[in-house]
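Colleague: I'd like to learn how to read a few features off a model. Could you walk me through them one by one?

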Amino acid sequence: MGDKYVHSLEKAFAILNVLVFEDLNREGISLSELSKRVGIPSNTLHNLLKTMIHCGYAAQKEDSTYISGPKCLQIGMVNQIHLSKNKINKIYNILQNLKDDIGESVVFYILSNGERVPLIYLDTNDMIKVDYTKIRTQAFFKFSTGRILAAYASDYELDQILNRWGYPGEIWDNINDRESLEKACEKIREKGYYEMIFSDTVAAFAFPVMDRTGKLIGAVGSYLPVFRCDREKRALILEKLKNAVELASRSI
């Protein structure tokens with residue numbers, strides 16, 4: 001018995017191939033042009049595209065042209081981060097040196113489906129340290145790394161964060177609407193990093209890690225007790241963090 005194929009699925013993959021591999025800059029392809037490239041009548045193609053848009057694998061621009069959807073971008077991110085042991089090892093080595101330089105715990109988070117996902121956590125050997133295991137399950141916006149991830153997230157990724165966590169409210173400057181959140185995120189991007197005092201006891205710092213095209217990869221952060229974070233230590237942490245993330249970005 002010969003193999004049987006689901007022809008509608010085969011057509012969808014043909015569309016996806018064109019949107020992903022023939023429009024790398026996501027400039028957009030018109031319905032008529034896409035119909036010519038995949039050999040599917042416009043009416044049928046339009047219905048397939050509506051389903052692909054609903055599922056996140058295609059998107060329609062304001063000029064009515066079609067591009068690959070946010071799920072395609074997410075797949076690319078997952079492949080880049082999770083499937084490249086070489087890149088992870090490079091980041092790990094950079095952060096290990098950072099931890100040694102500043103003498104404090106260092107973390108590296110990525111953003112996945114609205115969650116802060118810890119990829120690397122390097123603990124300090126000091127007797128007095130932040131008990132990170134007790135605070136990392138709390139709300140997304142409580143932490144400097146979460147605010148960095150939100151500030152540099154795409155619109156789709158920010159929607160996912162809000163769907164999962166809602167607006168930060170009293171956790172962060174009483175932000176309860178999209179406009180206020182985007183203004184706060186813009187301030188973070190202008191500064192290039194974020195620092196905060198958590199629960200009056202923990203000083204926290206975070207920087208974004210971007211790839212060579214300027215897309216967000218993750219957030220590197222450092223946490224330490226406030227009493228240990230004097231002016232000199234703060235300056236050292238900010239300098240070393242900045243240097244480390246720049247090196248990590250060049251390695252990705």
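Colleague: Is F143 buried or exposed, and how do I tell?

Modeller: Go by relative accessible area: under 20% is buried, over 50% exposed, and in between partly exposed, using a 1.4 Å probe and protein chains only. F143 has 1% relative accessibility, so it counts as buried. This is a predicted model, where local features need pLDDT of at least 70 and side-chain atom pairs count only at pLDDT 80 or more, while totals for chains, interfaces and linings use all residues. Residues are numbered from 1 along each chain as its sequence is written, and side-chain values use heavy atoms, with hydrogens and water left out.

Colleague: Where does F143 sit?

Modeller: Helices (H or I, at least four residues) and strands (E, at least two) are DSSP runs, numbered from the N terminus. F143 is in the loop between strand 4 (115-122) and helix 6 (144-152). Its C-alpha atom is 8.9 Å from that of A206, 63 residues apart along the chain.

Colleague: What does the charged end of R116 sit over?

Modeller: A charge sits over a ring if NZ of Lys or CZ of Arg is within 6 Å of the ring centre and within 35 degrees of the ring normal. For R116 that ring belongs to Y109, with the centre 4.2 Å away. R164 does likewise over the face of W165, at 4.0 Å from the ring centre.

Colleague: And how many aromatic pairs are there?

Modeller: A pair of rings is described by the distance of the centres and the angle of the planes. Rings of Phe, Tyr and Trp (its six-membered ring) pair if their centres lie within 6.5 Å; planes under 30 degrees apart are stacked, over 60 edge-to-face, the rest tilted. That rule gives six pairs. One of them is F140 with F141, edge-to-face at 5.4 Å and 70°, and both residues are buried. W172 and Y194 have centres 6.2 Å apart and planes at 75°, so they are edge-to-face too.
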